[in-house]
Amino acid sequence: MLKDDEHVCCICGKRFKGYGNNPELIKNEGVCCDECNKKVIEQRLQMEEIKKIIESW
Ligand SMILES: [Zn+2]
């Protein structure tokens, strides 16, 4: 059983404590741990870069 402040990361599947992070771009539901959130942020930044490139054409 998960405790109140425990979540299962929807990306790596590990249990973690705390609120969790929005895994948007990688997953559409659930929460992800801080470790995976770094990947999500990286992905988000890459998307921003791609957008900039497309818009500059
Ligand atoms: Zn994770």
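Asparagine 22 is placed in the loop between S2 and H1, where helices (H or I, at least four residues) and strands (E, at least two) are DSSP runs numbered from the N terminus. The structure is a predicted model, in which local features need pLDDT of at least 70, side-chain atom pairs count only at pLDDT 80 or more, and totals for chains, interfaces and linings use all residues. Residues are numbered from 1 along each chain as its sequence is written. With 13 other C-beta atoms within 10 Å, asparagine 22 is partly exposed. In this scheme a residue is buried if 20 or more other C-beta atoms lie within 10 Å of its own, exposed if 12 or fewer, and partly exposed in between, the C-beta atoms being placed from the backbone. Asparagine 22 and glutamate 35 are 13 residues apart in sequence, and their C-alpha atoms are 12 Å apart in space.

Leucine 25 also belongs to the loop between S2 and H1. Its phi is near 90 degrees, a positive value in a residue other than glycine. Leucine 25 counts as partly exposed because it has 14 C-beta neighbours inside 10 Å.

Cysteine 32 lies in the loop between S2 and H1. This cysteine is buried, because 25 other C-beta atoms lie within 10 Å. Two residues are taken to be in contact if their C-beta atoms, placed from the backbone, lie within 7 Å. Neighbours within four places in sequence being left aside, cysteine 32 is in contact with Cys9, Cys10, Ile11, Gly20, Asn21, Pro23, Asn37 and Val40. For cysteine 32 and cysteine 10, the separation is 22 residues in sequence and 5.5 Å between C-alpha atoms.

The chain contains one helix and two strands, and from the N terminus on the order of these elements is β-β-α. Helix H1 covers residues 34-55, and its 22 residues should span 32 Å at 1.5 Å a residue; the end C-alpha atoms are 31 Å apart, which agrees. The expected span is 1.5 Å times one less than the number of residues in the helix. H1 is hardly covered, with one buried residue among its 22 residues.

Lysine 38 is located in helix H1 and is exposed, because it has 12 other C-beta atoms within 10 Å. Apart from neighbours within four places in sequence, glutamine 43 is in contact with Leu25 and Ile26. The C-alpha atoms of glutamine 43 and glutamate 24, which are 19 residues apart in sequence, are 9.6 Å apart.

For the chain as a whole, the C-alpha atoms fill a box of roughly 50 × 15 × 15 Å along the principal axes. The radius of gyration of the chain is 14 Å, whereas a compact globule of 57 residues would have one near 10 Å. The radius is taken over C-alpha atoms, and the globule rule is 2.2 Å times the number of residues to the power 0.38. Buried residues make up 14% of the 57 residues. Of the contacts between residues at least 6 apart in sequence, 10% join residues at least 24 apart.

Confidence is expressed as pLDDT, the predictor's confidence in each residue, from 0 to 100. The chain has a mean pLDDT of 94, and 100% of its residues reach 70 or more. Confidence is lowest in strand S2 (residues 15-17), at a mean of 94, and highest in H1, at 96.
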